[in-house]
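Trainee: Before we discuss this protein, could we put the sequence and the fold side by side and work through them step by step?

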Amino acid sequence: MAELDTLDLVVLAAILLGTVAYFTKGKLWGVTKDPYASSLANASGAKAGKTRNIVEKMEEQGKNCIIFYGSQTGTAEDYASRLAKEGKSRFGLETMVADLEEYDFENLDTIPDDKVVFFVLATYGEGEPTDNAVDFYEFITSEDVNFTEGNEPALGNLNYVAFGLGNNTYEHYNSMVRNVDKALQKLGAHRIGDAGEGDDGAGTMEEDFLAWKEPMWKALAERLNLEEREAVYEPVFSIVEREGLTKESPEVYLGEPNKMHLDGTAKGPFNAHNPYIAPITQSYELFSVKDRNCLHMDIDISGTNLNYQTGDHIAVWPTNPGAEVDRFLDILGLTEKRHAVVSVKALEPTAKVPFPTPTTYDAIVRYHMEICAPVSRQFLAQLAAFAPDAESKAEMTKLGAEKEYFHEKISVHHLNIARVLDIVGKGQKWNNIPFSAFIEGITKLQPRYYSISSSSLEHPKKISITAVVESTQLPGRDDPFRGVATNYLLALKQKQNGDPEPCPFGLSYEITGPRNKYDGIHVPVHVRHSNFKLPSDPSKPIICIGPGTGVAPMRGFIRERIQQAKNGENVGKTLLFFGCRKSTEDFMYKDEWEEAKQVLGDNFELITAFSREGPKKVYVQHRLKERAVEINQLLEQKAYFYVCGDAANMAREVNNVLGQIISEQRGIPEAKAEEIVKNMRSSNQYQEDVWS
């Protein structure tokens, strides 16, 4: 046998190292961690996240109730926190809230039967689990699921509670909670109370949750022999003012999302815990008419590990408008202390402070709290005890207790917490409320997701956003309800285009970011991958339905096909159904469709529906019906069918019309045609990117 020379040894060592690196990625290196988890754990004295064993964790912390959440936008996480707090204060349960992705589930069969597990599960997109629930969902619903003990039935020990968050405008309404509940029942677990379902599509999510939890608590109290007691507020967090620090102190967070950003060393991976502060290279209005603005914005991700595929989503991390920050701090009597430095510490070992500290009241309210969101009825009931006088307390109690009264006075006007306190207290300061109650009771400020309207083939390091600036006039409100993120983007667009003091609709934003780190027109972003994708074979025909800003991903698809054609590929027939109000008012990307026609020739056609230009309103679904013969022919050639936009009306109508077209053109019953449409969906031949 020949001896190995030095070069051989070097090569073998390199191969060995490469192999080790490959198999340890995500375990020993390349691990994405919560960027400020360690500092928070140190601050609270907790050792959170040391074990992935549920039972071990519950025993270590003395818990008898664990509430898991699967959350995409923060609502399910918020409900989980509320249930934990209520279980503790009303029934003395030792509760903990847990992110599904932080634990393993093989030992669910070892949880003692005197403990209870809650699952609060949002359904994302077309019946998919949220990002943090994917592993759990695949585990619990698999055919060959294995647990540690080999019991029969496998989960005969497990007592559980289930609540789902869904949207009835999607075909797979609340499929996460339904499928998980079915899997747990099949495995022999014991559900306590009904599996609740909240409906965002009908706008009843909050009331559905409140209606479900009362009988659930009653059933749980009976099952575990719990005694209800008078609920008294017990803070989860302590707020300590730091006398020796000022907002100029380098260790104080002024809105930076994590320590890397604070230190000025932010690096990837950029994700939902760690945004990239991206330069905006170009921004302009696609149209601007009375009370309506539509933005196009190009964001540069070069020099980062961020990448996207055509059809993905971009997340924008907004900041709250200055006027609402001022209103919130003022009603709590904190205006003079807005820049006071505070440390927030968890009093409960398993609780997580939702932002890095030390920080200031101003930074917490501006960058970390959904202070502009409509307030919940349950939260008003909780705050009644801290009212400045008896009259305000009685009103808050009534608002919290009476569904119809709350709806009439608060929810129809989309009032946020500061506005409600101002109205109920008639201008008095609510300085008796512990600030911890707001950290616990107001959802964390969430990134907003937009369908990317550029092509990764054409511009791999440039992401385009197409967004209408949200402004809704509501009855009984002096000012319109304005979207947080889109108005923030409008301010950025104004600054980029020469306005030194941008103030869209009288709203100002800290657009230069904490310590001016976003200056030069930057916005914090990350990318979320989507299943909304072109066929891998570009010769396949596609039919795109994208009225209004639903045209955003369709623009990306067509830019992709233009580039594919320029690269010499065979590109199939491409139909785009686009609708807006008037051809002279809000006809987006009109010149680009001309370019598509020049490059793709007869393989591209734009079919328009201008709803307010004729004697009666015409929408994309009407135009689709008019092209029934061609649509059916394309579908028989295995054309892919894409819909983006309003789920409640347009998307549902398009789905119905497609069934009618197939029924009429093929001479088959409508029920059979509906089955064909369902099969198209399950095989990804029919894809939706819709919102309520």
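Mentor: Two strands are taken to pair if DSSP finds at least two bridges between them. Please also keep in mind that this is a predicted model.

Trainee: With that rule in hand, which residue of E4 does Tyr-124 stand opposite?

Mentor: Strand E3 covers residues 116-124, and strand E4 covers residues 128-129. The two pair in the antiparallel sense over two bridges, which meets the requirement of at least two bridges. Within this pairing, the residue that stands opposite Tyr-124 is Glu-128.

Trainee: Which residue in the turn between E3 and E4 has a positive phi?

Mentor: E3 and E4 form a hairpin, with three residues between them. The phi angle in question is about 60 degrees, and the turn residue that has it is Gly-125.

Trainee: Which strands are joined to E3 in the parallel sense?

Mentor: Strand E1, residues 65-70, runs parallel to E3 and is joined to it by six bridges, with Tyr-69 standing opposite Val-120. Six bridges also join E3 to strand E5, residues 159-166, again in parallel, and there Phe-119 has Ala-162 as its bridge partner. The parallel partners of E3 are therefore E1 and E5.

Trainee: How many residues of strand E3 are buried?

Mentor: In a regular strand the side chains alternate between the two faces of the sheet. Val-116, Phe-118, Val-120, Ala-122 and Tyr-124 point one way from E3, while Val-117, Phe-119, Leu-121 and Thr-123 point the other way, and all of them are buried. E3 is therefore largely enclosed by the rest of the structure, the count of buried residues being nine of the nine.

Trainee: How far apart are the end C-alpha atoms of residues 65-217?

Mentor: UniProt, in an unreviewed entry, lists residues 65-217 as "domain: Flavodoxin-like". In the model, the chain over these residues is 32% helix and 24% strand, and its end C-alpha atoms are apart by 13 Å.

Trainee: Which residue in E12 does Ser-238 stand opposite?

Mentor: Strand E12 comprises residues 341-346 and runs antiparallel to E8, to which five bridges join it. In this pairing, Ser-238 stands opposite Lys-345.

Trainee: Turning to charged pairs, is Arg-191 buried or partly exposed?

Mentor: Arg-191 forms a salt bridge with Asp-181, the closest N and O atoms being 2.9 Å apart. Asp-181 lies in helix H6 (residues 175-186) and Arg-191 in strand E6 (residues 190-191). Asp-181 is buried, at a relative accessible area of 11%; because buried means under 20% and exposed over 50%, a relative accessible area of 29% makes Arg-191 partly exposed.

Trainee: How many residues apart in sequence are the parts that Glu-324 and Arg-419 tie together?

Mentor: The side chains of Glu-324 and Arg-419, both of them buried, meet in a salt bridge with an N to O distance of 2.8 Å. Glu-324 lies in helix H9 (residues 322-331) and Arg-419 in helix H14 (residues 417-424), so the parts that this pair ties together are apart in sequence by 95 residues.

Trainee: Which element gives the most to the largest nonpolar core?

Mentor: The largest nonpolar core has 45 residues, and those with the most contacts inside it include Phe-328, Met-369 and Phe-438. Among the elements that give two or more residues to this core are H9, E12, H12 and H15. The element that gives the most, with five residues, is H14.

Notes: Residues numbered from 1 in each chain as written. Predicted model: local features only at pLDDT ≥ 70, side-chain atom pairs only at ≥ 80, totals over all residues. Heavy atoms only, no water. Helix = DSSP H or I, 4+ residues; strand = E, 2+ residues; numbered from the N terminus. Buried < 20%, exposed > 50% of the residue type's maximum accessible area, 1.4 Å probe, protein only. UniProt positions renumbered as here; feature names shortened; annotations may be inferred. Salt bridge = Lys/Arg side-chain N within 4 Å of Asp/Glu carboxyl O. Core = buried A, V, L, I, M, F, W, Y, C linked by side-chain atoms within 4.5 Å.
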